[in-house]
Amino acid sequence: MTIYDRILTEKEFVHQNDLQYPFEERGLQFGDGIYEVIRVYQGNYYLIDEHVDRLYRSADAVKINVPYTKDQMYHYLDQLLKVNEVKSDAKVYLQITRGSAPRDHTFPLDTSANLYAYVKDLPRATDWMRDGVSAISHPDVRWDWCYIKSLNLLPNVLAKQEAKEQGSFEAILHKDGEVTECSSSNAYLVRNGKVYTHPARKNILHGCVRIAVEAFCKKEGIEFVEEAFRIEDIEYADELFLTSSTAEVMPITKVDERTIGDGTPGKITRTLQKCYEEDAKISAEQSLFKHV
Ligand code: PDD
């Protein structure tokens, strides 16, 4: 899978082999940073405004000074695709850490942030989206501020690894019996024609695709209920699905040993997948250098 070799940094574009940080770097030592994963379709960003807004919200929440204004951020993100001549379906990974400084829990206020962003090809997971995937249930042991897209992902990493070791795609996280989200995606349950998902509070990541899904539901006349469902409600689910920038709208057809519905992706999930595809196509056509 191609990683395009021109990397955006806080100062300039560099070749991937020239990217270097000192070992006393706060992202490396404390996970003291934030990130975004942005979807690209045929060389165009999808949901870019939502990602850029969330990036700045995360930065504010942890008092990191982003080295670019928002306008500069749009400009450099566009440049990243241009200098690499990206034409494919891909993802951009962007992270900003508090910077490099002698190791100390407190941080010097004048540290300048380290930023890098790179592009990697990412074909759409069309087979899984067609057939559905399985998931495991897993306790949510993360902190209370998961709306911040922070680099501290150890609980997410361990939960997803557990899912993988059990032959599953995702881990559905639950706290005190309530489903919050998944290890790297948002979770939804469909019952009697309504879509239920955890409210966008501080304890989940406010997914960019979640925002899109809410709009798709509105457009299709499907009720979107921001109400947490419980892990035992999965037994009565007509459909389950998850969303993320990399997995899009992904049907879940099995959780632990339980089959969901008739074991195939449900009607509402299919409708939302279709909306996503149309929206991504329209947005790719319209997004060409919109912000430059
Ligand atoms: N993860 N919840 C969590 C915990 C996530 O890590 C993600 C995204 C989402 C979905 O957010 P969005 O719709 O904005 O992609 C929800 C990315 C893909 C990742 O960390 O790789």
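**Reading domains and salt bridges in a predicted model**

Mentor: Let us begin with one residue. Leaving aside residues up to four places away in sequence, Val37 touches His51, Lys91, Val92, Tyr93, Lys149, Ser245 and Thr246. Please keep in mind that this is a predicted model.

Trainee: In which strand does Val37 lie?

Mentor: Val37 belongs to strand 3, which covers residues 33-41. Val37 and Lys91 are 54 residues apart along the chain, yet 6.6 Å separate their C-alpha atoms.

Trainee: Into which domains is the protein divided?

Mentor: There is domain 1, residues 6-121, and domain 2, residues 126-280. Taken over C-alpha atoms, the centres of the two domains are 26 Å apart.

Trainee: How many residues of domain 1 and domain 2 are in contact?

Mentor: The contact involves 22 residues of domain 1 and 21 residues of domain 2. Another way to read an interface is by the area it hides. Here domain 1 and domain 2 bury about 1800 Å² between them, with 61% of that on carbon and sulfur atoms. On the domain 1 side, Tyr35, Tyr46 and Arg54 lose the most area to domain 2, together 34% of what that side buries.

Trainee: How many salt bridges and how many residue pairs in polar contact are counted between domain 1 and domain 2?

Mentor: The count of salt bridges between the domains is 0, whereas 10 residue pairs are in polar contact. Helix 1 (26-30), strand 3, helix 2 (48-61) and strand 5 (90-97) each give two or more residues to the side of domain 1 that touches domain 2. The largest share, 7 residues, comes from strand 3. By kind, the residues on this side of domain 1 divide into 10 nonpolar, 7 polar and 5 charged.

Trainee: How many salt bridges does the structure hold, and what is the general idea behind them?

Mentor: Side chains of opposite charge can pair when their charged atoms come close. The structure holds 17 salt bridges. In one of them, the side chains of Arg54 and Glu36 meet at 2.7 Å, N to O. Arg54 lies in helix 2 and Glu36 in strand 3, so this pair ties together parts 18 residues apart in sequence.

Trainee: Are Arg54 and Glu36 buried or exposed?

Mentor: Both Arg54 and Glu36 are buried.

Trainee: With which residues does the side chain of Arg124 meet in a salt bridge?

Mentor: Arg124 meets Glu248 at 2.7 Å, N to O. Arg124 lies in the loop between strand 6 (114-121) and helix 4 (126-131), and Glu248 in strand 14 (residues 248-255), so the pair ties together parts 124 residues apart in sequence. Arg124 also meets Glu277, at 3.0 Å, N to O. Glu277 lies in helix 7 (residues 267-286), so this second pair ties together parts 153 residues apart in sequence.

Trainee: Which residues are linked in a network of salt bridges?

Mentor: Arg26, Asp32 and Arg98 are linked in such a network.

Note on methods: Residues are numbered from 1 along each chain as its sequence is written. This is a predicted model: local features need pLDDT of at least 70, side-chain atom pairs count only at pLDDT 80 or more; totals for chains, interfaces and linings use all residues. Side-chain values use heavy atoms; hydrogens and water are left out. Helices (H or I, at least four residues) and strands (E, at least two) are DSSP runs, numbered from the N terminus. Contact means heavy atoms within 4.5 Å. Domain bounds come from an automatic or database domain assignment. Buried area is the accessible area (1.4 Å probe) that two parts lose on being put together, summed over both. A salt bridge is a side-chain nitrogen of Lys or Arg within 4 Å of a carboxyl oxygen of Asp or Glu. A polar contact is a pair of N or O atoms within 3.5 Å; within protein, one must be able to donate a hydrogen and the other to accept it, and residues adjacent in sequence count only if both atoms are side-chain atoms. Ala, Val, Leu, Ile, Met, Phe, Trp, Tyr, Cys and Pro count as nonpolar, Asp, Glu, Lys and Arg as charged, and the others, Gly among them, as polar. Buried means under 20% relative accessible area, exposed over 50%, partly exposed in between (1.4 Å probe, protein chains only).
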